[in-house]
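Here's a quick look around a protein model. Take a moment with the sequence and the 3D view before reading on.

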Amino acid sequence: MGDGMCGSIKEQIVASSEKSLEFLAAIRGRPNDVRFVSENLKAFVLHRFFLVDENPSTEDIAELSRLSIEKLLEVNRQGALQDLSNNCAGVSSETMKKALLIMTLQKKLDVSIPAEENDTVSQIATAIVRQLAQPGR
């Protein structure tokens, strides 16, 4: 894969990441509807994880993280996106990707997502609705 193709992939990832923010804006506009939040949250995750074309049926964040890593490694066989599977702290790439996703959601939506409620899209959507739908927010 040449530099032009790699640049194209990077541009696609950036564009997908930027598009994902539209789904968070939609969530902020309708925070009381769990189904709506869940659908937009799933779209956010698929865009962030570069899985829109695959549209996997799973809601499991760890599984979506794994699928994302596999796709990005397949797309870039030259190694610019190499996965060493564990970083120096012994954390898997899947765990790191999930943690970064949760941190992004917490920061962008100004919510707190408890560890026991961050395994699936539905769990996260419920936590988000519970917090954003509070009076005075």
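What follows is a short tour of the core, the salt bridges and a surface patch.

This is a predicted model, where local features need pLDDT of at least 70, side-chain atom pairs count only at pLDDT 80 or more, and totals for chains, interfaces and linings use all residues. Residues are numbered from 1 along each chain as its sequence is written, and side-chain values use heavy atoms, leaving out hydrogens and water.

Let's start inside. The largest nonpolar core has 25 residues, and L41, L105 and I128 have the most contacts within it. Two or more of its residues come from each of helix 1 (3-29), helix 2 (34-48), helix 3 (61-75), helix 4 and helix 5 (121-132). Beyond its neighbours within four places in sequence, L105 touches L24, L41, F44, D110, V111, I113 and I124 (contact means heavy atoms within 4.5 Å).

Now for the charges. The whole structure holds eight salt bridges, each a side-chain nitrogen of Lys or Arg within 4 Å of a carboxyl oxygen of Asp or Glu. Here are some of them:

| Pair | N to O distance |
|---|---|
| E54 and K71 | 3.1 Å |
| E63 and R66 | 2.5 Å |
| E70 and R66 | 2.2 Å |

Shared partners join E63, R66 and E70 into one network.

Lastly, the surface: M96, L100 and M103 make a nonpolar patch with about 270 Å² of accessible area together. Of these, L100 belongs to helix 4 (residues 93-109).

Technical notes
Patches are made of residues with over 30% relative accessible area and no salt bridge: like charges are joined within 9 Å, nonpolar side chains (Val, Leu, Ile, Met, Phe, Trp, Tyr) within 5 Å. Accessible areas come from the Shrake-Rupley method with a 1.4 Å probe; for residues, only the protein chains shown count as cover. Helices (H or I, at least four residues) and strands (E, at least two) are DSSP runs, numbered from the N terminus. A nonpolar core is a set of buried Ala, Val, Leu, Ile, Met, Phe, Trp, Tyr and Cys residues joined through side-chain atoms within 4.5 Å. Buried means under 20% relative accessible area, exposed over 50%, partly exposed in between (1.4 Å probe, protein chains only).
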